[in-house]
Amino acid sequence: MTQQKVFVTGTGVISSLGNTVETMFKNLIQGKSGVQTMDDWRIYNGLNSLLMAPAQPFDISAIPRKKRRSMSRMAEMGALATMTALQQAGISGENPWQEIDTDRTLMIMGSTTGSPKTLEDHFKKLFDKGGPESQTSTAFFKIMNHSVPANVAMAVDFKGPLLSTGSACSTSSQAMIQAWELIQAGVYDLAIVGGADEAYYTSAAIFDTVQAASTGYNDQPLESPRPFDRDRDGLVISEGAGIVVLESEKHMQKRGATPLAEFAGGAYLCDGYHMSHPIKDSMIHSMNLALKRANITADSIDYVNAHATSTVLGDRQEAQAIGSVFNHRPPVSSLKGHFGHSLAACGTIEAISSIEMMNAGVVIANRNLKNLDPECESINALAENQEGRYQTILSNNFAFGGMNTSFILKSCQ
Amino acid sequence: MDKQTLINEINQVMIEGFELQPSQLKPEAKIMEDLELDSLDAIDMLVFLEEKIKIKVDAETFRTVKTLEDVYNVVEKVIQDSNN
């Protein structure tokens, strides 16, 4: 059986830089940052990182109450981004699924955990009451592992196969790669794919605890994060949702849908080594396997969209890994300096940004890159946006648990 | 608390908790059919009533409730019983 090519036919975002792809990309081009100082967080004992990039305000009143009541903030963002992506893919209107075989359509998305805010509320009440007295009926639906996809499915009336991926910061990249595998193999024709996460002080605290969060720029929010820069000091959490519609070539052509890019392949690997310590050999393995599975040689990659969250160790390991895989020194940038780190959403938000870069003929520079870390010199780290013809892009996402993911997008222009 | 104050408090719970309009809150309105609340909403209604009016209604007792007026009466009885 011939393996199916897979294309992106719809995209939707809720992000710190805008809630339409157009606005978000305009802000990326202009080098804007979504990062703010969270003065409200000063009350939390032991929290040293006070920076966060909140999503732009959004309105969910169009979703009926009974579908909305079980949604946490992350599910709300996931639902809105999904609606946008489906609309762009031409799956909308009164009966959006009428022309689609939903048995052969996969919804696959996830989040790092369930809603951290609801988790806190739930357990605070549990402890205060000395038991489960007076819990609301919907709390669990906001914190269960498949809360985002289950709520999104309800919001868009999707009745079909549903999978929840959860691998922290590689959640949505893993979802895309898994969807690609399954569509390519002919199991599904179409997939609604992505990730969502809400930013809460407890999320910042997780990174702060392992000394991976930025703490030195609390009163200069625009100066952090700073991927690959000598003076970086850690990541800044963000939030949002990124959703893509992936579709087999045959199905796309049959529907008359427009391809935005080809999803050419990818790899998701566990390093089996360390929960939090990034290691370049595993990153190299991930990128090489992605290239092999996409049947693409390293020298045909025109740009690398790095994961680089602005941690001292992670950026160095990734730079050295990229330098090792790509001898031709393609331009490299991370978008974490603009968005912050949107955790489970970052893979798809960065994929969508990369598609926009290819289609616009410009790659976005690393924000706040003033002095390249000498230990990152093996890469061509962009300090300025660079115009050109970018046909093939590789994007990385790494996560706690030793997760390393890489995927490849090809232009359709 | 007099009955009308109690009714106003309960109606406020219905408006804030379930996004109902004041015009929908007629005593004879059926909770499930007219106000379109379901089993999950019924559980939450007990929690919201507890938070707003500081009373604890037994879930078993609440199962007999069909109309909004039944809610008023059940809550009134719980308050009276707790005062005795």
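**A loop residue and its surroundings**

Tutor: Leaving aside residues up to four places away in sequence, A:L17 touches A:M24, A:N27, A:L28, A:K32, A:G34, A:H338 and A:F339, where two residues are in contact if their C-beta atoms, placed from the backbone, lie within 7 Å. This is a predicted model, in which local features need pLDDT of at least 70 and side-chain atom pairs count only at pLDDT 80 or more, while totals for chains, interfaces and linings use all residues. Residues are numbered from 1 along each chain as its sequence is written, and chains are lettered from A and ligands numbered from 1 in the order in which they are written.

Student: Where is the place of A:L17 in chain A?

Tutor: A:L17 lies in the loop between strand 1 and helix 1 of chain A; helices (H or I, at least four residues) and strands (E, at least two) are DSSP runs, numbered from the N terminus.

Student: And is A:L17 buried or exposed?

Tutor: A:L17 is buried, because 26 other C-beta atoms lie within 10 Å; a residue is called buried if 20 or more other C-beta atoms lie within 10 Å of its own, exposed if 12 or fewer, and partly exposed in between, with C-beta atoms placed from the backbone. From C-alpha to C-alpha, A:L17 is 8.8 Å from A:A53, although 36 residues separate the two in sequence.

Student: Which residues of helix 1 of chain A are buried?

Tutor: In helix 1 (residues 21–29) of chain A, the buried residues are A:V21, A:M24, A:F25 and A:L28. They cover an arc of only 95° around the axis, so they are on the same side of helix 1 of chain A, the arc being that of the directions from the helix axis to the C-beta atoms.

Student: What do the buried residues of helix 1 of chain A pack against?

Tutor: The buried residues of helix 1 of chain A pack against strand 1 (6–14), helix 12 (336–339) and helix 13 (346–360) of chain A. After helix 1 of chain A comes A:G31, with a positive phi near 70°.

Student: Switching to sheets, in what order do the eleven strands of chain A run?

Tutor: The eleven strands of chain A form an open sheet with mixed pairing, in the order 5-4-6-8-1-9-16-15-10-11-13; two strands pair if DSSP finds at least two bridges between them. Strand 5 (162–164) and strand 13 (380–381) of chain A stand at the edges, and each has a single partner strand, so one side of each is left without a neighbour in the sheet. Helix 6 (residues 147–155) of chain A packs on the sheet, touching strand 4 (105–110), strand 5 and strand 6 (190–197) of chain A, and its direction makes about 135° with that of strand 4 of chain A; axes are lines fitted to C-alpha atoms, for helices over the stretch in contact, and angles run from 0 to 180 degrees between N-to-C directions.

Student: How many residues of strand 16 of chain A are buried?

Tutor: Eight of the eight residues of strand 16 (residues 403–410) of chain A are buried. Both faces are covered, with A:M403, A:T405, A:F407 and A:L409 on one side and A:N404, A:S406, A:I408 and A:K410 on the other.

Student: How do its partners run, parallel or antiparallel?

Tutor: Strand 9 (residues 261–270) of chain A runs antiparallel to strand 16 of chain A, joined by eight bridges, and A:G266 stands opposite A:F407 in strand 16 of chain A. Strand 15 of chain A also pairs with strand 16 of chain A in the antiparallel sense, over eight bridges, with A:T392 opposite A:K410. Strands 15 and 16 of chain A form a hairpin with three residues between them, and A:G401 in the turn has a positive phi of about 90°.

Student: Which way do strand 10 and strand 15 of chain A run, parallel or antiparallel?

Tutor: Strand 10 (residues 303–306) and strand 15 (residues 392–399) of chain A run parallel and are joined by three bridges; the bridge partner of A:V304 in strand 15 of chain A is A:L394.

Student: Last topic: how many residues of helix 3 of chain A are buried?

Tutor: In helix 3 of chain A, 15 of the 16 residues are buried, so it is largely enclosed by the rest of the structure.
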